[in-house]
Amino acid sequence: DPLGKRVNWGNEKEPRIKEIVGVVGDVKYDGLEAETQPAAYQPTVQNSSWGMFLVVKTETSEPLGLTSAIRNEVKALDSELPVSDVSTMEQRLFAAVARPRFRTTLIGVFALVALALASIGIYGVISYSVTQRTHELGIRMALGARPRDVMRLVVKQGMMMALIGVVIGLIASLGLTRLIKSLLFGVSATDPLTFVAIALLLASVTLVACYVPARRAAKVDPMVALRYE
């Protein structure tokens, strides 16, 4: 129990002995993403060179409307005490997260573009593969393969390639997450729920990208396919 114990706030030549009178929770002074550093509070009368923050809680929908009243109250206590940088807690929170929010939004936009390009690429590869195998698919259907069998074949092969890519991507992501660790808040860089959700999202996008070429392949006329060059 630290209460009542004393610490030296100075050094051996100029000791400043302080008594611990209370313990408070951690406070982030350098941004929400910064590591919490050790800190201690001193009474203002012992160190008047520091500035002071005044927090006013109100139920009004326009808290800034109380600024004049607050200035008058402070002036009544000390006419030479300036009051500056008045803002709501929402404004301070917005300013604190503005930069990481911009970075996150930018990364999110790039991620969506990458997802769109990957979807288009998967669709193009599967479509090209189906076109190259038109003759083969025609033979399969001529020998009794049903349209749903052809669809299952095309989707299965497309999903197999996609799943291999997802596995490789997850392994690479686990090694690269340390690069974005500083951009995360309230979630770990290796959050399992995030990895599972992204894997399912990519698998779903791949399934949709494979479905269209597979459906087109299932509608191929066997006679036309057999004559396809």
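Reader: Which helices do the buried residues of H4 pack against?
Author: In this predicted model, the buried residues of H4 are Val-150, Val-154, Val-155, Gly-158, Met-159, Ala-162 and Val-166. The packing partners of these buried residues are helix H2 (89-132), helix H3 (134-142) and helix H5 (192-218).

Reader: How far apart are the end C-alpha atoms of H4, and what should its 30 residues span?
Author: Helix H4 covers residues 147-176. At 1.5 Å a residue, its 30 residues should span 44 Å, and this agrees with the separation of its end C-alpha atoms, which is 43 Å.

Reader: What separates Asp-149 and Arg-152 within helix H4, in terms of helical turns?
Author: The side chains of Asp-149 and Arg-152 form a salt bridge, with the closest N and O atoms 3.0 Å apart, and Asp-149 counts as partly exposed at 24% relative accessibility. Because the two residues are three residues apart in helix H4, the separation between Asp-149 and Arg-152 is about one helical turn.

Reader: How many salt bridges does the count come to?
Author: Side chains of opposite charge can pair when their charged atoms come close. The rule asks for a side-chain nitrogen of Lys or Arg within 4 Å of a carboxyl oxygen of Asp or Glu, and among the pairs that meet it are Asp-85 and Arg-92, at 3.0 Å from N to O. By this rule the count comes to four salt bridges.

Reader: Which parts of the chain does the salt bridge between Glu-19 and Arg-6 tie together?
Author: The closest N and O atoms of Glu-19 and Arg-6 are 3.7 Å apart; Glu-19 is partly exposed, with a relative accessible area of 44%, whereas Arg-6 is exposed at 58%.

Reader: How far apart in space are Ile-17 and Arg-6, C-alpha to C-alpha?
Author: Ile-17 lies in strand S2 and, leaving aside neighbours within four places in sequence, is in contact with Arg-6, Val-7 and Asn-8. Although Ile-17 and Arg-6 are eleven residues apart in sequence, their C-alpha to C-alpha separation in space is 6.4 Å.

Reader: How far from Lys-18 is the nearest side chain of opposite charge?
Author: Lys-18 is found in strand S2, and its contacts, not counting residues up to four places away in sequence, are Lys-5, Arg-6, Val-7, Trp-9, Gln-42 and Gln-46. Lys-18 is buried yet has no salt bridge, and the nearest side chain of opposite charge, that of Glu-19, lies at a distance of 11 Å.

Reader: Is Asp-85 buried or exposed?
Author: Asp-85 meets Arg-92 in a salt bridge, and Arg-92 is partly exposed, with a relative accessible area of 33%. Because exposed means over 50% relative accessible area, the 58% of Asp-85 makes this residue exposed.

Reader: What is the area of the nonpolar surface patch that includes Val-24?
Author: Val-24 lies in the loop between S2 and helix H1 (67-77) and is exposed, with a relative accessible area of 55%. Together with Val-27, Tyr-29 and Tyr-41, Val-24 makes a nonpolar surface patch of about 440 Å².

Conventions. Residues numbered from 1 in each chain as written. Predicted model: local features only at pLDDT ≥ 70, side-chain atom pairs only at ≥ 80, totals over all residues. Heavy atoms only, no water. Buried < 20%, exposed > 50% of the residue type's maximum accessible area, 1.4 Å probe, protein only. Helix = DSSP H or I, 4+ residues; strand = E, 2+ residues; numbered from the N terminus. Lys, Arg positive; Asp, Glu negative; His and termini not counted. Contact = heavy atoms within 4.5 Å. Patch = residues over 30% accessible without salt bridge, like charges linked within 9 Å, V, L, I, M, F, W, Y side chains within 5 Å. Areas by Shrake-Rupley, 256 points an atom, 1.4 Å probe, with all protein chains shown as cover. Expected span 1.5 Å × (residues − 1).
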